Amino acid sequence: MNFLQYLQGFFEDLRREGIPVTTSQTRDCCQALLLIDWLNPDYFYTTLYSTLIKDYSYETAFNSVYYRYFASGLAMAAGKRDLPASFAAMPRGEAAAMAPDALPIQGMASLRGGLSQSLRNPLDETLSLASLEQVQKMEALFPLISRRLAAKMIKKNRRDDNSMINYRSTMRKSMSSGGLPLNIMTVRRRREKPVIVAICDVSGSVMTFSCFALAMLASMQRFMRQLRSFGFIEEVDEITPWLNSGDPLTLRTTVLRKARVISSRGYTNYGNTFTSFIKRYSGALNHKTTVLIFGDARNNWFNDEIQALQQIKALARKIYWFNPEPESNWGQGDSRMLVYARYCQAAFSCPTLNSLQEAIGKL
Amino acid sequence: MQDKIDNLKEGMFKAGYICDDRTATVLYLSEALHKPILVEGPAGVGKTGVAQAFSAMKNLPLVRLQCYEGIDESKALYEWNYKRQLLHIQAVGNQNIDPREVEQDIFSEQYLLRRPLLQAISSSLPSVLLIDEIDKVDFEFEAMLLELLSEFQMSIPELGTVKAAHIPYVFLTSNATRELSEALKRRCLYLHLNFPTLALEEQILRLKVPGLTDHLAGKIATVAHRIRQVDLKKAPSIAETIDWAMAIIQLGLDDLNEAVTLQTLNVLVKHREDLEKLEGMIYARNDLSFQPRPVDNRAW
């Protein structure tokens, strides 16, 4: 096997891990490889890294493939030996031009074979099926997600404040320039700040999901003053003060320890949650509030208490529901999602972290 | 090629920036392949610093475009100086002048406000173009930028096409607050900067803070390193570590201990909650490593 084929295998394995490696990237990579000294592992690694991956979140996957292929050092020695035969003997420019054509790109075919489970982009991993190791990977990427979310929200708040001309003040300003409107004044529309009430299922059945939902709320809390969070299993309790660290794995335990979310039986009870929310916290709701509910809507065959959710809907501006289950499972078994969804402005299915982030960003 | 990378490192060092092998390799490749570099990493690790040092090393002018929410072509490329045009029209309004002449007048070079991108392209010398915080712009602007970065020319309808005499060295920095488009990422070499390793930070401190003893530099770097591992609203940046070292020197202190740290912590950490957290840790005799200990920071 010559080095080009070996490299091609490397590219394909990267694609198999879900890293988008395009043809032009492989071409850049080959060009760059012609320019550096392969025997220095740092140079070699950096060349592959900087030309092939363009997002930090892929680093873990990249490293593991790289390690498989090149870290042994053997491979590089082999590559060095084959190099004269394959393309180092050609004049530089020609070799660079040839390199891309020499690489048959079959990435798509191998992609269809299915991605290997353990090494996909951790953000696209199904939360309910994730292993501890995957959860840790997600956790590592979590700051990235919360930052993106923050940026999106801030952007939303700032958008559309240009447009309309304020004729009155434009005229007034133009006085100083003899009636020439040198400064055009625009109307600034004031946007109402959103008031958010989040109600999050913290039971064991949606453990990973609720860990990350809580972490997401905690990070939102950092840049939104008017956010109150509530946790529930069968009883609902305010958890806003406990959401002060951004660590997804400890937040849920803290909440379970500090908040009163269990009364007698310990099974998730959405009906009771809604009724007692109305009873105890209806003061938190007004025409400005948006209610976010995080949970799988699996009610353990307890009473739905639709009228309580209806009351919440009547008091608040909007209700959004984020469900960790795929939409096909809604309404199956004890899932009451389809019933509850009727009272929501929208219900999102968020089986992965990426989809959860996207859904929240859509608000 | 080895000596080229070593030269780069040395040049960057003289310009006040310590490159590790990876950064130097990427810089070298970008120069050789004429490709922009996309620099990502947490705030305060020296993303902007790379570009600044690079321009200082090459002795080329640095043209900086600071991106922000809602930036548009008129702030990035060029804009007609509308006020002066208006005044000109008013001034000639009462005289009998050929309208075409007026039109030519007001769309001439002197009424053109050159914004950073046009400056970088039209300058007669090669330049270093730094596009800071590219992740803040919207998609339309990114697409425009993309075109510019591949062609290095732009057309001004009233004046014609401006083509770069020299292709500038381009650095884009991003805080990854949103995904950049695939097309843009594909065009660039990717450089991910992280907080420096302990040894590197020590070196940086010694370079940037004259009069700092090796012993103190080591201790400061260790404590900063340890503080970054605490879950804070904002981890201290390299610039802040340097400020901290300066402050300690200014106070005439020659060792770092709990008391000194408590006294000067506000140089390093800027959020009240973070301060309280760290003060609490110090009072609780939590290990902030006033004793140096080895920290492994390799990728794998």
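## Chain B as a whole

Of the 300 residues of chain B, 34% count as buried; a residue is buried if 20 or more other C-beta atoms, placed from the backbone, lie within 10 Å of its own, exposed if 12 or fewer, and partly exposed in between. This is a predicted model, in which local features need pLDDT of at least 70 and side-chain atom pairs count only at pLDDT 80 or more, while totals for chains, interfaces and linings use all residues. Residues are numbered from 1 along each chain as its sequence is written, and chains are lettered from A and ligands numbered from 1 in the order in which they are written.

You will find 14 helices and nine strands in chain B; helices (H or I, at least four residues) and strands (E, at least two) are DSSP runs, numbered from the N terminus. Chain B is more spread out than a compact globule, because its radius of gyration is 24 Å, well over the 19 Å that the globule rule gives for 300 residues. That radius is taken over C-alpha atoms, and the rule is 2.2 Å times the number of residues to the power 0.38. Along the principal axes, the C-alpha atoms of chain B fill a box of roughly 85 × 45 × 35 Å.

## Domains

Chain B is divided into domain 1 (2-72 + 117-192), domain 2 (78-114) and domain 3 (198-283), with bounds that come from an automatic or database domain assignment. Taken over C-alpha atoms, the centres of domain 1 and domain 2 of chain B are separated by 34 Å.

## A hairpin to find

Now look for strands β6 (residues 153-156) and β7 (residues 160-163) of chain B, which pair in the antiparallel sense over four bridges; two strands pair if DSSP finds at least two bridges between them. β6(B) and β7(B) form a hairpin with three residues between them. B:Ile156 stands opposite B:Gly160 in β7(B).

## Where the chains meet

34 residues of chain A are in contact with 31 residues of chain B, where contact is defined as C-beta atoms, placed from the backbone, within 7 Å. On the side of chain A that touches chain B, α8(A) gives the most, with seven residues.

Which residues does B:Leu33 contact, leaving aside its neighbours within four places in sequence? They are A:Asp28, A:Gln31 and A:Ala32. B:Leu33 is found in helix α2 (residues 21-33) of chain B, and B:Leu33 is partly exposed, with 16 other C-beta atoms within 10 Å.

Notes. Contact = placed C-beta atoms within 7 Å.
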